[in-house]
Amino acid sequence: YIVFSPYWNVPNAIIENEIIPEMVGNSDYIRKHDMEIITYDSPFRNIDPDEIKWGTIEAHPFPYMIRQRPSATNALGRVKFLFPNNFSIYLHDTPEKSLFSQSTRSFSHGCIRIEEPLKLAMDLLQNDSAWNEKKITKAMFSGKEKFVRLHKKVPVFILYLTAWVDDSGTVNFRKDIYGHDEKMENVMFEAEDVYPVEKQIN
């Protein structure tokens with residue numbers, strides 16, 4: 001499904017490793033980034049950042065939810081695209097458009113930035129008569145979170161490649177930011193130790 005003008009619910013790891021240390025040294029950090037602190041209990045209740053003793057509060061798990069309000073500076077941009085998976089990964093817009101011109105793209109905490117989110121939203125909703133480009137754009141810039149479930153399931157395939165051959169026949173290599181190659185290498189060499197590979201005879 002699609003979420004227009006999304007809140008960004010900050011993961012606990014980011015709260016622990018980034019926000020709490022920032023709040024210890026800069027008590028205005030949360031307000032500056034248009035974030036709010038709310039309770040998990042229903043009905044939700046807003047917590048004043050000044051009420052929290054940031055230097056001593058339990059970080060893991062953090063007892064409250066921190067989320068960034070929908071806005072032009074929201075880390076998820078104007079829209080996000082969610083799909084079932086076990087890793088809390090989703091696709092999303094970004095206010096940092098300049099990052100798409102960088103040769104290194106590993107700036108995210110694990111989710112996937114979309115360079116042209118409006119086009120993706122239009123493509124996914126093209127068969128839904130309730131939506132057109134004008135309505136999608138309005139929802140993206142409304143500042144009010146709106147969930148839209150797709151009428152038809154769309155398959156999602158995510159490939160993680162550190163080596164491939166391009167159209168010109170050139171082999172490309174990239175940094176293995178998740179360390180998957182090392183894990184595979186260890187498994188392969190362990191297997192070779194147990195079952196030695198015979199030399200090929202030409």
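The side chains of Glu36 and Arg69 meet in a salt bridge with an N to O distance of 3.4 Å, a salt bridge being a side-chain nitrogen of Lys or Arg within 4 Å of a carboxyl oxygen of Asp or Glu. This pair links distant parts of the chain, with Glu36 in strand E3 and Arg69 in the loop between E5 and strand E6 (79–81), 33 residues apart; helices (H or I, at least four residues) and strands (E, at least two) are DSSP runs numbered from the N terminus. The model is predicted, so that local features need pLDDT of at least 70 and side-chain atom pairs count only at pLDDT 80 or more, while totals for chains, interfaces and linings use all residues. Residues are numbered from 1 along each chain as its sequence is written, and side-chain values use heavy atoms, with hydrogens and water left out.

**Salt bridges**

- Glu36 counts as buried at 8% relative accessibility, whereas Arg69, at 31%, counts as partly exposed (buried means under 20% relative accessible area, exposed over 50%, and partly exposed in between, with a 1.4 Å probe and protein chains only).
- Glu36 also meets Arg67 in a salt bridge of 2.5 Å, N to O, and because Glu36 lies in strand E3 and Arg67 in strand E5, the pair ties together parts that are 31 residues apart in sequence.
- The structure holds 6 salt bridges, among them one between the side chains of Lys119 and Glu116 at 2.9 Å, N to O, in which Lys119 is exposed at 53% relative accessibility and Glu116 is partly exposed at 43%.
- Salt bridges that share partners join Asp34, Glu36, Arg67 and Arg69 into one network.

**Strand E3 and its sheet**

- From strand E3 (residues 35–38), Met35 and Ile37 point one way and Glu36 and Ile38 the other way, and all are buried.
- E3 pairs with strand E5 (residues 65–68) in the antiparallel sense over 4 bridges, with Ile66 as the bridge partner of Ile37; two strands pair if DSSP finds at least two bridges between them.
- E3 is also joined by 2 bridges to strand E4 (residues 46–47), running antiparallel, and here Ile38 stands opposite Asn46.
- These strands belong to an open sheet of 4 strands in the order E2-E5-E3-E4, with antiparallel pairing, whose edge strands are E2 (8–9) and E4, each pairing on one side only.

**Nonpolar cores**

- The largest nonpolar core has 21 residues, and those with the most contacts inside it are Val10, Ile19, Ile30, Trp54, Phe62 and Ile66 (a core is a set of buried Ala, Val, Leu, Ile, Met, Phe, Trp, Tyr and Cys residues joined through side-chain atoms within 4.5 Å).
- Helix H1 (12–25), helix H2 (29–32) and E3 each supply at least two residues of this core, and its largest share, 5 residues, comes from H1.
- A second, separate core of 14 residues includes Val79, Ile114, Trp131 and Ile136.
- Leaving aside residues up to four places away in sequence, Ile66 touches residues including Trp8, Ile15, Met35 and Glu36, where contact means heavy atoms within 4.5 Å.

**The chain as a whole**

- The secondary structure comes to 5 helices and 11 strands, and buried residues make up 31% of the 202 residues in the chain.
- Among contacts in the chain with a separation of 6 or more, residues 24 or more positions apart account for 52%.
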